[in-house]
Amino acid sequence: MMKSDLDIGAAERSSALFSLSPYRLWAKMRAPRDRSSKMTVSEAKRLQKQIKDFAGGGLALVPQRQAIYVGAFILCAFFYSFWVALYCYLFCQFTEVLDFWVSKRVMKWSDASPRKARRFHFQLLATSTLSSIAVAMFVLLVAHIEGPSEHLASLFFLFAAGLFAAVNNHQLPKVLAVRLVIYSLTFLSVPISDIIQVRPPLRSELYLNLATAVFVLFFVLECSMIFLRLYQKGLDQYEELRIERDRANEMAELKSQFVSIVSHELRTPLTSIIGALGLMKTMDSAKNPEGFEKILGIAEKNGVRLSTLINDLLDLQKLESNQMRYALAPLDPLDVVQDSVEAISAHADGRGVKVKLAKSDRDLCINADYDRMTQVIDNLLSNAVKFSDAGDTVKASVKANADYAIISVQDEGIGIPAGSRDVVFGKFAQVDGSDHRAHEGTGLGLNIVKQIVEAHGGMVDFESELGVGTTFFVKLPLCDPEECA
């Protein structure tokens, strides 16, 4: 006769036996780890997808599980014990109600909250554990009634439950692991308990039953890992698609912002040019030469703005398609900076901003395209002037630092907020991306600067303090000074 203390001992020994099975399977089934304090929104979305897949699959399989429970109840009640069958059936129905309630709440869950993800994950783990215990208890009670034998009915029921879990519980590895651990311990404890009770010789069929149980157990574990790997692969592909979708949405938003900026930048100068031409058409230049010249200057200024915008768009298109050509030649970076300072001084004076060349190192040599480097310095200087107030000073300098030339442009303007580096060098973006910005611009210039500098083997960066000013640095590799002689 089977005794409870023997069952406990068998369970402990079967646990030791199970620890000999491949540990890596257990490690894989424990992943992913949803650490409560470190779960990111992305991890919560992934866990939400797994939980919803698990709950949705569980709800869809309710009729199949009920058919299994009813069939097991009828067979057990007819061939073994009505009261054992009824007790186990009611226990299984209790776990089914709990699981159904949690799964229904999961399917109504919409926000990818890490807290809710952890809570639903725990609840599903708890209901699945109770369900597994109910199945294991049914098997152990039937096996106890059968006594030492092949246990065809009880172990076949358990095999069906394990295979059902392997096929349908792969969405949540921890749930799958708990089910398989409970079923495995139960699967091994039945033949081990028979051997302990009977103590048969080695050639007894009871040992064959144990060996068969181990073989079937590994078959179930392997099936579970196959379905788990397939689901994880599909989940990874889903994540890639979701990331690409989010990236596409971001690009669509950036393009929308870009169209808004460009339309604003085009509309303003075009309106001014059309208005100026209309006034010039009705004005007698001989009677009012000063007014005519002023209006002509307005039209010219806005024409330059349009030309700059179009040139920026063309340059960006060339850079994006790798069609930008560079006429590299040895040159002194100070020459480029001096030319740019002289070229922008008149524009800066008109805004009340002084641009000057600070103390610099001379006779340095870099291998660069003069026109493109002029474009870089002009852009940095014009930005510094644009974000400066009347009476401020913009300083440009060139310094040697080891094997690099450092070109810096320093202003006393409004500064750049912390964490804006990606926006500053972004493609269709500005730190102030609204339609009513205080400063004109398409947000293309600094991205073009970055790409040109990197094409020369250099880098561009900045340091800034709000209300104090900003300094942009262009770092370019030096070459042999004799080449610039």
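A salt bridge here is a side-chain nitrogen of Lys or Arg within 4 Å of a carboxyl oxygen of Asp or Glu. The structure is a predicted model, so local features need pLDDT of at least 70 and side-chain atom pairs count only at pLDDT 80 or more, while totals for chains, interfaces and linings use all residues. Residues are numbered from 1 along each chain as its sequence is written, and side-chain values use heavy atoms, with hydrogens and water left out.

Searching the whole structure turns up 11 salt bridges. One of them joins the side chains of D99 and R65, at 4.0 Å from N to O. This pair links distant parts of the chain, with D99 sitting in helix α5 (residues 82-107) and R65 in helix α4, 34 residues apart. Helices (H or I, at least four residues) and strands (E, at least two) are DSSP runs, numbered from the N terminus. D99 is buried, at 12% relative accessible area, and R65 counts as buried too, at 13%. For these labels, buried means under 20% relative accessible area, exposed over 50%, and partly exposed in between (1.4 Å probe, protein chains only).

Another salt bridge brings together the side chains of R46 and D236, at 2.8 Å from N to O. R46 belongs to helix α3 (residues 41-60) and D236 to helix α9 (residues 205-282), so this contact ties together parts that are 190 residues apart in sequence. R46 is buried, with 18% relative accessible area, whereas D236 is partly exposed at 36%.

E244 pairs with R247, their closest N and O atoms being 3.0 Å apart. Both lie in α9, 3 residues apart, or about one turn of the helix. E244 is partly exposed at 43% relative accessible area, and R247 is partly exposed at 44%. Elsewhere in the list of contacts, E239, R242, R245 and D246 are linked in a network of salt bridges.

Helix α4 (residues 62-79) contains F78 as well. With 66% relative accessibility, F78 counts as exposed. Together with L75 and F79, F78 makes up a nonpolar patch on the surface, with about 380 Å² of accessible area in total. Patches are built from residues with over 30% relative accessible area and no salt bridge, joining like charges within 9 Å and nonpolar side chains (Val, Leu, Ile, Met, Phe, Trp, Tyr) within 5 Å. The areas themselves come from the Shrake-Rupley method with a 1.4 Å probe, and for residues only the protein chains shown count as cover.

Turning to the strands, β7 (residues 469-477) pairs with β5 (residues 404-410) in the antiparallel sense over 7 bridges. Two strands pair if DSSP finds at least two bridges between them. Y404 has P477 in β7 as its bridge partner. β6 and β7 form a hairpin with 3 residues between them, and G467 in the turn has a positive phi of about 80 degrees.

As for the cysteines, a disulfide is a pair of cysteine sulfur atoms within 2.5 Å. By this rule, the count is 0 disulfides. C92 is in no disulfide, the nearest cysteine sulfur being that of C88, 6.7 Å away. C92 is buried at 7% relative accessibility, and C223 is buried with a relative accessible area of 14%.
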